[in-house]
Amino acid sequence: MKPYLKRAWAEVSLSQLKKNVGLIKQLNSDNTEVMAVVKADAYGHGYEKVCCCLAEECGIKFFAVSNLDEAISVRGFCPSAEILILGYTPPEYAHEISQYNIIQGVVSTDYAKALCEKSKEKIRCHVKIDTGMGRIGLKHDTPLSCAEEIAALCKIEGLSIEGIYTHFSVADSDNPDNIRYTDAQEKFITDTYDTLVEMGIRLPHMHFMNSAATCYRNNPRSTLSRAGIIIYGLHPDYSLAIPEGLEPVMELKAVISQVKTVSKGDCISYGRTFVADREMSIATVTIGYADGYSRLLSSKGEILVHGKRCRIIGRVCMDQLMIDVTDAEAESGDIVTLIGRDGDDRITADELAALYGTIGYEVVCGISKRVPRIYVD
Ligand SMILES: *Cc1c(COP(=O)(O)O)cnc(C)c1O
């Protein structure tokens, strides 16, 4: 382990990452390969180490990112990977797309033409279909008209279409109406694919599974499963269980800088939102909202100190926060766990997210650059 400032840091377990990928491969049928979604710095886990581990130790060949900058970085880590940009690349960067052998998601005929105009070499792409997410992609009333537009795209000289894909919006729900909605999204893309086959166009890839679909409605027709959050061991939707063995990869730690005894009537932190009603022992912890530990956790979050849960007292500051250690053993220099396991207890990013009305995705992506990622195992 490389030396780092022991103030606030994230420990990323590469062995757990490997376990998670192994389990995801078992969920998929033989027809389906994992496409590791490593956008947003591998969901805040640090994409260099994560990509190298996935490519070299897990045999992952397909990666998905959100933009060209991320794609070029991943190309640097994984020289022979297939890299798909899920989101928008301005057409003036078309040359870089081909130069780095990236696959671009194409969302409309106009966009495809604009890309080709800007590039001398062929642009590899997967065509995105909007089947109900309402975000990006070709939008059609019927699979037939959708297939017709894709068939026309296939005739564009500068374009090499290697697949079609769509994105589910509620695959992480067990509500019957939502299940029907996802069924319809899935039927639209598979019907579009089959119509293309009838037209004599058999594309190598069709993919629609995200983490939720991979867990709850795995379908061998999806040639790739675009697994994001489950690689990192978190839940697509916190209310539904994920397969046993998928466990969080990241822990977040900090240290106690000071412990003091306060008296009844003493105020803690900005805004004087907390006033001690008795003598208490308060510890100050070296992490704050500038590290990505949300201020919305003020007076709400709990932190593990030697395996014991200690409540956050008053407002989370930019670089520090205070906790009640009256019933815990704590002294300056002790390591505390904000996310992760300590003793018999643990706090997950999903649990923290629920406390302030968001999802585990935002918690891990939000851990800021100031927090070094330390790779363990
Ligand atoms: C982010 C993203 C994914 C991964 O989603 P998870 O829920 O993390 O598995 C898959 N596909 C697209 C298009 C995405 O934007």
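## The ligand and its pocket

A pocket is found on a 1 Å grid over the protein atoms alone, as an open set of points where a 1.4 Å probe fits, with protein on both sides within 12 Å along at least five of seven lines; lining residues have an atom within 4 Å of a point.

The largest pocket holds about 550 Å³ of space, a volume being the space filled by probe spheres set on the points. Its lining has 27 residues, and Lys 39, Arg 135, His 167, Asn 210 and Tyr 361 are the closest to its centre. Helix 2 (39-43), helix 9 (211-216) and helix 11 (360-365) each give two or more residues to this lining. Helix 2 supplies the largest share, 3 residues. Helices here are DSSP runs (H or I) of at least four residues, numbered from the N terminus. By type, the lining has 15 nonpolar, 7 polar and 5 charged residues.

## Around the ligand

The shell around the ligand has 5 nonpolar, 4 polar and 3 charged residues. Among them are Val 37, Leu 86, Ser 211 and Arg 226, each with a heavy atom within 4 Å of the ligand.

Which side chains have an N or O atom 2.7 Å from a ligand oxygen? Those of Lys 39 and Tyr 361 do. A polar backbone atom of Gly 228 is 3.0 Å from a ligand oxygen. Such polar contacts are pairs of N or O atoms within 3.5 Å. The protein buries 91% of the 390 Å² that the ligand exposes when taken alone, by the Shrake-Rupley method with a 1.4 Å probe.

## Basis of the values

Residues are numbered from 1 along each chain as its sequence is written, and side-chain values use heavy atoms, without hydrogens and water. In this predicted model, local features need pLDDT of at least 70 and side-chain atom pairs count only at pLDDT 80 or more, while totals for chains, interfaces and linings use all residues.

Definitions and conventions: Polar contact = N/O pair within 3.5 Å; in protein donor to acceptor, adjacent residues only side chain to side chain. Nonpolar A, V, L, I, M, F, W, Y, C, P; charged D, E, K, R; others polar.
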